[in-house]
Amino acid sequence: MARGTIRYWAAAKAAAGLAEEAYEARTLGEALDAARARHTGPDFARVLGRCSVLVDGAAVGRRPHDSVELADGGTVEVLPPFAGGSR
């Protein structure tokens, strides 16, 4: 079981009601399932479903979250879509 930090940004931070929290999980899927259980409001699950996730600085992309192993002392970044940019 690994322990680390989940950091929430922008709308994910607002939906969670905090900027970061600890995880204790083997995989990213387990960590995010536990976060969903802690943050039971309707906005959190909706926002989380639209977010990009980085694990220790590397984009998870479309990989199944249960296949992404977490490291002890690692960091999960939850990044909602941001407005702006060019076409």
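Predicted model: local features only at pLDDT ≥ 70, side-chain atom pairs only at ≥ 80, totals over all residues.
Five strands of this chain come together in an open sheet, in the order β2-β1-β5-β3-β4, and their pairing is mixed. The strands at the edges are β2 (20-25) and β4, each of which pairs on one side only.

- In the hairpin of β3 and β4, where two residues lie between the strands, D56 takes a positive phi near 50 degrees.
- In a regular strand, side chains alternate between the two faces of the sheet. Strand β3 has V53 and V55 on a covered face, while S52 and L54 are on an uncovered one.

**Helix α2 on the sheet**

- Helix α2 (residues 28-38) packs on the sheet and touches β1 (2-8), β2, β3 and β5, and its direction makes about 125 degrees with that of β2.
- The buried residues of α2 are L28, G29, A31, L32 and A35. Seen down the helix axis, these buried residues fall within an arc of 165 degrees, so they line one face of α2.
- An α-helix has 3.6 residues a turn, so residues three or four places apart point the same way.
- The buried residues of α2 pack against β1, β2, β3 and β5, and also against helix α3 (42-48).

**The loop residue H65**

- H65 lies in the loop between β4 (58-59) and β5 (75-79), and H65 is partly exposed, with a relative accessible area of 29%.
- If its neighbours within four places in sequence are left aside, H65 is in contact with T27, L28, G29, L32 and V60.
- H65 and E30 are 35 residues apart in sequence, and their C-alpha atoms are 8.1 Å apart in space.

**The aromatic pair**

- A pair of aromatic rings is described by the distance of the centres and the angle of the planes.
- The count comes to one aromatic pair. Y8 and F44 form this pair, which is edge-to-face, with 5.7 Å from centre to centre and 80 degrees between the planes.
- The pair links distant parts of the chain, since Y8 is in strand β1 and F44 is in helix α3, 36 residues apart.
- Y8 is buried, because its relative accessible area is 2%, below the cut-off of 20%, and F44 also counts as buried at 2% relative accessibility.

**Salt bridges between strands**

- Side chains of opposite charge can pair when their charged atoms come close, and the count of salt bridges in this model comes to eight.
- One of them joins the side chains of E24 and R3, at 3.4 Å from N to O, and links strand β2, which holds E24, with strand β1, which holds R3, across 21 residues. R3 counts as exposed at 53% relative accessibility.
- R7 and E20 meet in another salt bridge, at 3.5 Å from N to O, and R7 is in strand β1 whereas E20 is in strand β2, 13 residues apart.
- R7 also forms a salt bridge with E77, where the closest N and O atoms are 3.2 Å apart. R7 lies in strand β1 and E77 in strand β5, so the pair ties together parts that are 70 residues apart in sequence.
- Salt bridges that share partners join R7, E20 and E77 into one network.

Notes
Residues numbered from 1 in each chain as written. Heavy atoms only, no water. Helix = DSSP H or I, 4+ residues; strand = E, 2+ residues; numbered from the N terminus. Buried < 20%, exposed > 50% of the residue type's maximum accessible area, 1.4 Å probe, protein only. Contact = heavy atoms within 4.5 Å. Pairing = 2+ DSSP bridges. Axes fitted to C-alpha atoms, helices over the stretch in contact; angles between N-to-C directions. Arc of directions from axis to C-beta. Phe/Tyr/Trp six-rings, centres within 6.5 Å; stacked < 30°, edge-to-face > 60°. Salt bridge = Lys/Arg side-chain N within 4 Å of Asp/Glu carboxyl O.
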